[in-house]
Amino acid sequence: ILRRSEGSLIRQFERAFRAYGVEVFFEDEALHEIAVRAAREKTGARGLLTICERVFREFKFEVPGSGVVSFTVTPTLIEAPAEVLAELVRAGHAERDKARRAIVTEFAERFSAEHGVHITFEDEAVDAILAQAEAANVGVRTHCAEAFKDYQFGLTLIKRNSGRTEFSISSRAVA
């Protein structure tokens, strides 16, 4: 019923998470645990949905937007969903943060190549950029393009007048 029935619960959950860009995989042992719990509650096939809803309720709210791109439903997840969710979201945030930082680095490299001056962002500056992008509810790349659109003019002037070509952008400059 969980995997092969028409309108399978598992396919429903897979589609629901996929709509948010998250792939979910189910281990057979986890499906067995769901079935055992429903049998213990003597709720029959309808109880399968109740068990799944109970287990995945918080996942549906927390996982989308957390940076998690996939997860596997295991017996451990069925037994301790809150603990598994907390770890999954923590890891997802770390991955999202790493990817967003890479966008800032890529922007600096592209800027350097296009304008003939080499820029780097100090760690605190990257933190400020990420915070500003989040506060403005825009992507990091979009925020960088807007926030630093006029920097090439000033840096080119400095380069022409002093010969300096290397610039480290601080959090103060970002602010």
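Guide: Gladly. This is a predicted model. Let us start with histidine 143, which sits in helix α7, residues 140-147.

Visitor: Why is histidine 143 called buried?

Guide: Its relative accessibility is 12%. Buried means under 20%. Histidine 143 therefore counts as buried. Leaving aside residues up to four places away in sequence, histidine 143 touches Ile129, Gln132, Ala133 and Val138.

Visitor: What makes asparagine 137 count as exposed?

Guide: Asparagine 137 lies in the loop between α6 (123-136) and α7. Its relative accessibility is 70%. Exposed means over 50%, so asparagine 137 counts as exposed. Asparagine 137 also has a positive phi of about 55°, although it is not a glycine.

Visitor: How do you know whether lysine 42 is buried or exposed?

Guide: The relative accessible area of lysine 42 is 74%. The cut-off for exposed is over 50%, so lysine 42 is exposed. Threonine 43 is in the loop between α2 and α3 too.

Visitor: What makes threonine 43 partly exposed?

Guide: Threonine 43 has 36% relative accessibility.

Visitor: How many aromatic pairs does a search of the whole structure find?

Guide: The search finds 9. In one of them, the rings of phenylalanine 13 and phenylalanine 56 have centres 5.0 Å apart and planes at 45°.

Visitor: Why is the pair of phenylalanine 13 and phenylalanine 56 called tilted?

Guide: Centres must lie within 6.5 Å for a pair. Planes under 30 degrees apart would be stacked, and over 60 edge-to-face. At 45°, this pair is tilted. Phenylalanine 13 lies in helix α1 (residues 9-18) and phenylalanine 56 in helix α3, so the pair ties together parts 43 residues apart in sequence.

Visitor: What makes the pair of phenylalanine 107 and phenylalanine 111 tilted?

Guide: Their ring centres are 6.1 Å apart and their planes are at 40°, so this pair is tilted. Both residues are in helix α5 (residues 81-115). Being 4 residues apart, they are separated by about one helical turn.

Visitor: How do you know that phenylalanine 111 is buried?

Guide: Its relative accessible area is 4%. Buried means under 20%, so phenylalanine 111 is buried.

How values were computed: Residues are numbered from 1 along each chain as its sequence is written. This is a predicted model: local features need pLDDT of at least 70, side-chain atom pairs count only at pLDDT 80 or more; totals for chains, interfaces and linings use all residues. Side-chain values use heavy atoms; hydrogens and water are left out. Helices (H or I, at least four residues) and strands (E, at least two) are DSSP runs, numbered from the N terminus. Buried means under 20% relative accessible area, exposed over 50%, partly exposed in between (1.4 Å probe, protein chains only). Contact means heavy atoms within 4.5 Å. Rings of Phe, Tyr and Trp (its six-membered ring) pair if their centres lie within 6.5 Å; planes under 30 degrees apart count as stacked, over 60 as edge-to-face and the rest as tilted.
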